[in-house]
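Open the structure in your viewer and keep the selection tool at hand. The stops below can be followed in order.

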Amino acid sequence: MNTCVLGAGAWGTAIALHLIQCGHSVSLVPRRIEQAMELTSKRENSEYLPGFKLPESLQIGHQLEPVLMEAELVILACPAKGLRKLCQHIQVAIQTTEQLKLILILSKGLEQDSLKLPDAIVQEYFPQTAIGVLSGPSYAAEVAAGAPTALSLAVEICSPTMEAIQESMSNDRLRLYLTDDVKGVELGGILKNIYAIGAGLCDGLSLGDNAKSAYITRAMNEMTSIGKALGGRKETFYGLSGFGDLIATCFGSWSRNRSFGESMGQGLEPQDIINNQKTVVEGFVAVDCLHQIAENKALETPILDELYGIIYRGTAPELALRNLMVRELKTEF
């Protein structure tokens, strides 16, 4: 299948390498021409995914028009904040979408101004094209190395065409599970970033295994409650894109969101951490977005409320912890 991956960060590069192993014809398109030139000359993404050779069969592009000309699968591998601009560039560059079977979103965040999910943004520009979301526990370096991985592929209709794409993107190292709960899969990917910040706070404050385990369990409950209220299905949040991704992101030393929380727990200021961060911490903006949505819908979200207070109102992490611990007692379920 002719595939182009738009965005050459760690995850975009890793999925491009995986698709080459699956036998696809793949073009990887960085945002910056300087990065495209470096990838072409060094055959390694030393900036975002060092240590993995880019095979000669992986084409490196920069101009969108030629790579989109015959693309059957377009993968959007950019941070959520850049998704709208990327769609605008594609809309200008693409001549026809007749051959395009699927636009697949890897972004895990909300648009801060509109509070829109990624698929809603993409649908504005490509209303007649099938749009999907790929999500789940997926540390880029492990995918690039061929470590066993399983992910959710969410599409609106699980048609024979989508089943064929599922099969063509799967091999003995990476297994895709098809679902039609697009909203649930998107929300799972966004919410787990938020709650991974709290897991990092547990680490930074040295609260111990009991506290972190209890936190993740209650975060999972809150995450599912929010997800259902916003239109996702309960079972989706107990799947790969929910519980699976939450566990990976809360415990992975590589997790930017967990590390962000850990640094706050060690006394650093949130904005200072973000200002010195090379890569995007999606949970930072997502906390603000979901807090607004939860308030508008009058949802009960005590953990989210305390995370918002720590990040945006200067609440001391120790006080936020006490606020959670002295809440009115209740039954567990």
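Keep in mind throughout that the model is predicted.

**Stop 1**

**Stop 2: where the domains touch**

Next, show the residues in contact between the two domains. Domain 1 brings 27 residues to this contact and domain 2 brings 24. Between them, domain 1 and domain 2 bury about 2,100 Å², and carbon and sulfur atoms give 66% of that area.

**Stop 3**

How many salt bridges does the rule find across the interface of domain 1 and domain 2? There are 3 salt bridges across this interface. Select Lys278 and Glu47 and show their side chains, which meet in a salt bridge with an N to O distance of 3.8 Å. Residue pairs in polar contact between domain 1 and domain 2 number 7, counting pairs with both residues at pLDDT 80 or more.

Switch to a cartoon view of the side of domain 1 that touches domain 2. Helix 5 (118-125), strand 8 (131-135), strand 9 (149-155) and strand 10 (174-179) each supply at least two residues there. Strand 9 gives the most, with 4 residues. Colour this side of domain 1 by residue type: 14 of its residues are nonpolar, 7 polar and 6 charged.

**Stop 3: an aromatic pair**

The structure holds 4 aromatic pairs. Select Tyr139 and Trp254 to see one of the pairs. Their ring centres lie 4.8 Å apart and their planes are at 10°, so the pair is stacked. Tyr139 is in the loop between strand 8 and helix 6 (140-144), while Trp254 is in the loop between helix 11 (240-251) and helix 12 (256-265). The pair links distant parts of the chain, 115 residues apart.

**Stop 4: a salt bridge within a helix**

In total, the structure holds 16 salt bridges. For the last stop, select Lys42 and Glu38, whose side chains meet in a salt bridge at 3.5 Å, N to O. Lys42 and Glu38 are separated by about one helical turn, because they are 4 residues apart in helix 2 (residues 33-42).

Definitions and conventions
Residues numbered from 1 in each chain as written. Predicted model: local features only at pLDDT ≥ 70, side-chain atom pairs only at ≥ 80, totals over all residues. Heavy atoms only, no water. Contact = heavy atoms within 4.5 Å. Buried area = accessible area lost by both parts, 1.4 Å probe. Salt bridge = Lys/Arg side-chain N within 4 Å of Asp/Glu carboxyl O. Polar contact = N/O pair within 3.5 Å; in protein donor to acceptor, adjacent residues only side chain to side chain. Nonpolar A, V, L, I, M, F, W, Y, C, P; charged D, E, K, R; others polar. Phe/Tyr/Trp six-rings, centres within 6.5 Å; stacked < 30°, edge-to-face > 60°.
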